Amino acid sequence: METQGLWQFRIELIDSEPPIWRTFQVPSNLTLADFHTIIQLVMGWQNSHSYYFELGDRYGSPDLPDTQDPTRLILSQMNLSPEEKFIYMYDLKSGWLHRLVLTETRSQTLTEPIVCLDGALACPPEGSNGVWGYEELLDRLADPDEPDYEALLEWVGLDFDPGYFKVEEVNQRLQEAFLS
C-alpha cells in the first residue's frame with residue numbers, strides 16, 4: 001500500500017438555502033481535472049457543462065478563454081492550508097458557484113482514498129437555471145395547482161426529492177468511476 005497525502009474537503013453550493021453540501025476525501029496527488037470529475041460525482045452533476053476553479057489563476061475547461069490547463073496542476077502543488085477556501089464554478093450560464101474548503105490534510109496508508117463522508121440535500125436538476133431558478137422550481141413543484149405542474153414533475157422525474165441525499169449512493173458512483 002502506498003502512503004500519500006489525504007485531503008478532506010467540504011463543498012457547498014453558494015447561496016443555496018438550506019445549504020447543499022458534501023464532505024469528501026481524496027488523495028493529494030490528483031490533478032484538478034480529476035478533482036473536477038470527483039466533484040461532479042460527489043455533488044450529483046451530469047458533467048455536461050464547462051467549469052473552472054478560481055485559485056488566483058483560473059483552471060478549467062479548454063473551451064473557456066483565460067483558463068489554465070487543469071491537467072497540469074496537482075492538488076498538492078496548490079499549497080493550500082486547512083480552512084483555506086477557493087471557488088469552483090460549474091455551468092457558467094446557470095452559475096452554479098461552489099465554495100470549497102480544505103478542512104484537513106494528513107499522510108496515511110490509503111485503501112479507499114476517494115470517499116464521500118457526508119452531505120445534505122439533493123443536487124439540483126441540470127437546466128434549472130442556478131440557485132434562484134431552482135428555488136422557483138421547488139416553489140412551483142410544491143403547488144399542484146401550478147399550470148405547468150405535470151410537465152415540471154415529468155422533467156425532474158417522479159422520484160425527485162430535494163431533501164434526498166444518500167452517502168452510500170455517492171460512494172457507489174465514486175467506486176464505479178475509479179475502481180473499475
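# Close-up views of a predicted model

View 1. Beyond the residues within four places in sequence, Gln8 contacts Phe24, Gln25, Val101, Leu102, Thr103, Glu104, Arg106 and Leu117. The model shown here and in the other views is predicted. Gln8 lies in strand 1. With a relative accessibility of 17%, Gln8 is classed as buried.

**View 2. Phe9 and the largest nonpolar core.** The largest nonpolar core comprises 44 residues. Phe9, Phe24, Phe35, Ile39, Phe53, Leu75 and Leu100 have the most contacts inside this core. Helix 1 supplies the largest share of the core, 8 residues. When neighbours within four places in sequence are set aside, the contacts of Phe9 are Arg22, Thr23, Phe24, Val26, Phe35, Leu75, Leu80, Phe86, Leu100, Val101, Leu102 and Thr103.

**View 3. The crossing of helix 1 and helix 4.** Two packed helices are described by the angle between their axes and the distance between the axes. For helix 1 (residues 32–43) and helix 4 (residues 167–178), the axes come within 8 Å and cross at roughly 145°. The crossing of helix 1 with helix 4 is right-handed. On the side of helix 1, the contact involves Thr37, Ile38, Leu41 and Val42. These residues meet Val170, Arg173, Leu174, Ala177 and Phe178 of helix 4. Classified by residue type, the contact of helix 1 with helix 4 consists of 7 nonpolar, 1 polar and 1 charged residues.

**View 4. The loop between strand 1 and strand 2, with Pro18 and Ile20.** Pro18 is located in the loop between strand 1 (3–13) and strand 2 (21–27). The peptide bond that leads from Glu17 to Pro18 is cis, and its omega is near 0°. Ile20 is also placed in the loop between strand 1 and strand 2. The relative accessibility of Ile20 is 3%, so this residue counts as buried. Residues up to four places away in sequence excluded, Ile20 touches Ile11, Glu12, Leu13, Met43, Ala120, Leu121, Ala122, Pro124 and Tyr134. Ile20 and Pro162 are 142 residues apart along the chain, and their C-alpha atoms are separated by 9.7 Å.

View 5. Leu121 occupies the loop between strand 7 (115–120) and helix 2 (130–141). Although Leu121 is not a glycine, its phi is positive, at about 70°. Leu121 is one of the residues touched by Ile20.

**View 6. The cysteines Cys116 and Cys123.** The structure contains 0 disulfides. For Cys116, the closest cysteine sulfur is that of Cys123, and at 12 Å it is too far for a bond. Cys123 likewise takes part in no disulfide, the sulfur of Cys116 being its nearest cysteine sulfur. Cys116 is buried, at 3% relative accessibility. Cys123, with a relative accessible area of 12%, is buried.

View 7. Asn79 is situated in the loop between strand 4 (57–60) and strand 5 (85–90). Its phi is positive, about 55°, although Asn79 is not a glycine. Asn79 is exposed, at 64% relative accessibility. Ser81 is likewise found in the loop between strand 4 and strand 5. For Ser81 the relative accessible area is 39%, so the residue is partly exposed.

View 8. Gly133 belongs to helix 2. With a relative accessible area of 19%, Gly133 is buried. From C-alpha to C-alpha, Gly133 and Ser94 are 8.6 Å apart in space, and they are 39 residues apart in sequence. Gly157 is found in the loop between helix 3 (149–156) and helix 4. The relative accessible area of Gly157 is 19%, which places this residue in the buried class. Gly157 and Asn129 are 28 residues apart along the chain, and 17 Å separates their C-alpha atoms.

Notes
Residues are numbered from 1 along each chain as its sequence is written. This is a predicted model: local features need pLDDT of at least 70, side-chain atom pairs count only at pLDDT 80 or more; totals for chains, interfaces and linings use all residues. Side-chain values use heavy atoms; hydrogens and water are left out. A disulfide is a pair of cysteine sulfur atoms within 2.5 Å. Buried means under 20% relative accessible area, exposed over 50%, partly exposed in between (1.4 Å probe, protein chains only). Axes are lines fitted to C-alpha atoms, for helices over the stretch in contact, and angles run from 0 to 180 degrees between N-to-C directions. Helices (H or I, at least four residues) and strands (E, at least two) are DSSP runs, numbered from the N terminus. A crossing is left-handed if the near helix is turned anticlockwise from the far one by less than a right angle, and right-handed if clockwise. Contact means heavy atoms within 4.5 Å. Ala, Val, Leu, Ile, Met, Phe, Trp, Tyr, Cys and Pro count as nonpolar, Asp, Glu, Lys and Arg as charged, and the others, Gly among them, as polar. A nonpolar core is a set of buried Ala, Val, Leu, Ile, Met, Phe, Trp, Tyr and Cys residues joined through side-chain atoms within 4.5 Å.
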